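Student: I would like a close look at a single part of this complex, the second chain, and at how it sits against its partner. Please take it in one connected answer.

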Amino acid sequence: MLNGATGLSIYFMIDRHQSEIPAEWLAEFEAAARRPLATRLRYAFIHTYKPIMDDATYRAFDTMEEYRQWCEKNLPSWLGYGRV
Amino acid sequence: MAAFDYRQAQEVGEALARHAVRYLFIGKSGAILLGFPDTTQDADLFVDRSKENCRALVDALRDLGFALTGDQSQDIERGKDFVQLKNGPFDLDLVFAPDGIERFEDAWQRRVDVEGFPVCHPDDIIASKEAANRQKDRETLPRLRAFRDYWLRTRQSTR
């Protein structure tokens with residue numbers, strides 16, 4: 001049994017990250033790590049139509065702030081581009 | 001429009017290397033290259049906004065098949081903060097000043113090489129999403145932070 005300062009330091013040394021990752025996510029990360037990069041990309045990149053956003057072939061903004069404001073003003077909120 | 005795939009990622013890598021463009025994959029596409037299991041629609045590149053680099057980027061984008069007009073090329077050469085391209089073989093976002101990252105050079109020093117692809121360190125990807133603070137970032141961040149922790153642990157264990 002661990003006790004006192006020694007036990008506490010060992011607890012933090014074990015792997016503070018591992019214990020904080022939910023099991024379901026950890027399983028997903030490990031499964032992804034076993035896949036070749038080409039497969040990971042094939043699973044990851046999907047094309048779905050985003051209204052307004054996909055209706056122009058080119059956009060440019062002088063500042064990120066200008067881009068963020070454009071998103072908030074023009075895109076449907078459910079796309080999630082609005083700042084919290 | 002077909003989704004971005006491995007062959008296109010290779011073409012991006014080859015074209016940008018041919019023109020000696022300094023860039024990093026960032027955003028969710030960068031995280032995915034690092035192994036983050038999630039979905040996205042387009043690739044995001046964080047580009048060094050030096051004049052020479054931006055000129056080289058325009059040449060590389062033309063090689064890749066992006067139909068850039070003169071004005072659009074000038075936008076890129078001037079290094080506007082954000083350029084969204086949907087006029088090529090795949091969707092590409094060019095970010096010259098991502099939220100949460102002070103200088104390209106800093107991110108470049110921390111970059112991760114993934115099979116030849118230069119990718120932002122997960123800490124930088126997280127920092128940019130935290131700073132952007134959009135609803136979709138808020139939804140992604142807890143899982144992305146967990147992935148960063150997993151990635152760091154597995155990286156340490158293989159050293």
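Tutor: In chain B of this predicted model, 59% of the contacts between residues at least 6 apart in sequence join residues at least 24 apart. The elements that such a chain is built from number 7 helices and 6 strands, and along the sequence they follow the pattern α-β-α-β-α-α-β-β-α-β-β-α-α. The C-alpha trace spans about 45 × 30 × 30 Å along the principal axes of chain B. Its radius of gyration is 15 Å, which agrees with the value near 15 Å of a compact globule with 159 residues. Of those 159 residues, 47% are buried. As for confidence, chain B has a mean pLDDT of 96, and 98% of its residues reach 70 or more. The model as a whole scores ipTM 0.93 and pTM 0.90.

A pair of strands gives a view of the interior. Strand S1 of chain B, residues 23-26, is covered on both faces. Tyr23(B) and Phe25(B) are buried on one side, and Leu24(B) and Ile26(B) are buried on the other. In a regular strand, side chains alternate between the two faces of the sheet. S1(B) runs antiparallel to S2(B), and 4 bridges join them. Within that pairing, Phe25(B) has Leu45(B) of S2(B) as its bridge partner.

Strand S2 of chain B covers residues 43-47 and includes Phe46(B). Phe46(B) counts as buried because it has 29 C-beta neighbours inside 10 Å, where the cut-off for a buried residue is 20 or more. Setting aside neighbours within four places in sequence, Phe46(B) is in contact with Tyr23(B), Leu24(B) and Ile26(B), and also with Val95(B), Pro98(B), Phe104(B), Ala107(B) and Cys120(B). Arg155(B) is 109 residues away from Phe46(B) in sequence, and their C-alpha atoms are 23 Å apart.

Just after the helix comes Gly79(B), with a positive phi of about 70 degrees.

S1(A) and strand S3 of chain B, residues 82-85, pair in the antiparallel sense over 4 bridges. In this pairing, Tyr58(A) stands opposite Leu85(B). The contact between the chains takes 38 residues from chain A and 41 residues from chain B. On the side of chain A that touches chain B, the elements giving two or more residues are helix H2 (23-34), helix H3 (37-44), strand S1 (58-61) and helix H4 (64-74) of chain A. By class, that side of chain A has 21 nonpolar, 8 polar and 9 charged residues.

Chain A itself has 4 helices and 1 strand, which run α-α-α-β-α from the N terminus on. Of its 84 residues, 12% count as buried.

Two loop residues, one in each chain, deserve a note on backbone geometry. Most residues other than glycine have a negative phi. Ile52(A) has a positive phi, near 70 degrees, and sits in the loop between H3 and S1 of chain A. With 13 C-beta neighbours inside 10 Å, Ile52(A) counts as partly exposed. In chain B, Asn133(B) has a positive phi near 55 degrees. The loop that holds Asn133(B) lies between helix H6 (122-132) and helix H7 (135-157) of chain B. Asn133(B) is also partly exposed, with 15 other C-beta atoms within 10 Å.

Technical notes. Residues numbered from 1 in each chain as written. Chains lettered and ligands numbered in written order. Predicted model: local features only at pLDDT ≥ 70, side-chain atom pairs only at ≥ 80, totals over all residues. Contact = placed C-beta atoms within 7 Å. Nonpolar A, V, L, I, M, F, W, Y, C, P; charged D, E, K, R; others polar. Pairing = 2+ DSSP bridges. Rg over C-alpha atoms; globule rule 2.2 N^0.38 Å. pLDDT = per-residue confidence, 0-100.
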